[in-house]
Amino acid sequence: MNRNITRWIAIVASFIVISLILWNTYVFFQHFKAEERTKMENWSFAQKTFIESIGDAEIEMTSRIIESNTTTPMILIDPNDQIISYRNIDTLKAATSKDYLKKLKVTFENENAPIPVPYIINGETYVSTIYYGNSPLLNKLKYYPLALLLIIFLFGAVAYFFYKSSKTADQNKLWTGMAKETAHQIGTPLSSLVGWTEILRSEHVNPDYLVEIEKDITRLQTITDRFSKIGSIPKLEKSDIVKETIDSYEYLKARSSKLIDFEISAPDDVIMVDLNKQLYSWTIENLVKNAIDAMKGKGQLKLVITNEGKHVTIKVIDTGKGISKQNFNTIFQPGYTSKKRGWGLGLSLAKRIIEDYHNGKLKVLNSEIGKGTTMQISLKLLS
């Protein structure tokens, strides 16, 4: 708990620091732009003095001020709206293109308010106008806040993925510990059951009873094997997805309510995929049991296997209570359950088995409240 609080304090403090840097950069940008405006106003005053000057000393001083502008691009327009001169502009483009300076003038007017230059010659007052743009340094500073925003975004993304991966790692440790402990706990009575079965066989108990007991012992061994695989990378083998699906489906059908109408539609051909049989049968079991629970033990349950060319899809269709659209993704989150009992791990583990271990896809294909749900598994075919 303390570690999470410290982590969030660090994240919030970092966001505050970056926000302050962003604000100070904006203030600096505005200050620098105001200084550039002052510089151009001084330049316009020097231009006015230069035009009106008679003495050599005044001409020399104003010339130095005018020549000192080596960065800010500008265009000087006379009272007749004709271009008198320009500075810090691409001279080649200005000389070869008549429209270049006109377009530049419009751009400068959008960037900064033009500066009027009134002057008097022979008692007559004339007004020229200076159009100026942002200096190269100011243009670079203009994009600096965007770079900071990008940094904030990347920092936020890193923090989010760090938190998510940390949370996932904690969940994985919990699941792994629970699964392995469950496998260990089941293992002891399971070994005892195997021994008792041999004793019953020696006592000449009805063989039909022993067959059913052995089926359930095999089932328990399969469940133990499933739990022992959680937390480790399972081994995938080339398997017929049709056979494995039907076997799991038929096993559940024989042990479910007779009020449920089970149906299966599958191709006669063999469809080979990379599969871990134990974990895949667990997924089918979870989907079928959830469908049965959704129908409250009564309704129609259909399983459809379809060869899509590059993929094979397995649909589990029920006539249960349905799922609201906003919960299509929520139902796969650990801990989510609509039942009074249960930990809400079944669908979460099923999704992990299909997507993380088999590189497939498990999703709610469609659902309607009061009419039923279709869950779909999609797996790649072997080429």
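## Terms and basis

Helices (H or I, at least four residues) and strands (E, at least two) are DSSP runs, numbered from the N terminus, and the expected span of a helix is 1.5 Å times one less than its number of residues. This is a predicted model, in which local features need pLDDT of at least 70, side-chain atom pairs count only at pLDDT 80 or more, and totals for chains, interfaces and linings use all residues. Residues are numbered from 1 along each chain as its sequence is written, and side-chain values use heavy atoms, with hydrogens and water left out.

## Helix 9

Helix 9, residues 346-357, has twelve residues and reaches 16 Å from its first C-alpha to its last, close to the 16 Å expected at 1.5 Å a residue. Its buried residues (under 20% relative accessible area, with exposed over 50% and partly exposed in between; 1.4 Å probe, protein chains only) include Leu347, Leu349, Arg352, Ile353 and Tyr357. Asn359, which follows helix 9, has a positive phi near 55°.

An open sheet of mixed pairing is formed by five strands in the order 6-8-9-11-10, where two strands pair if DSSP finds at least two bridges between them. Strand 6 (260-265) and strand 10 (361-368) stand at the edges with a single partner strand each, so one side of each is left without a neighbour in the sheet.

Strand 10 pairs with strand 11 (residues 372-380) in the antiparallel sense over seven bridges, and Leu362 stands opposite Ile377 in strand 11.

## Helices on the sheet

Helix 7 (residues 241-254) packs on the sheet, in contact (heavy atoms within 4.5 Å) with strand 6, strand 8 (299-307), strand 9 (311-318) and strand 11. The direction of helix 7 makes about 170° with that of strand 8, where axes are lines fitted to C-alpha atoms, for helices over the stretch in contact, and angles run from 0 to 180 degrees between N-to-C directions.
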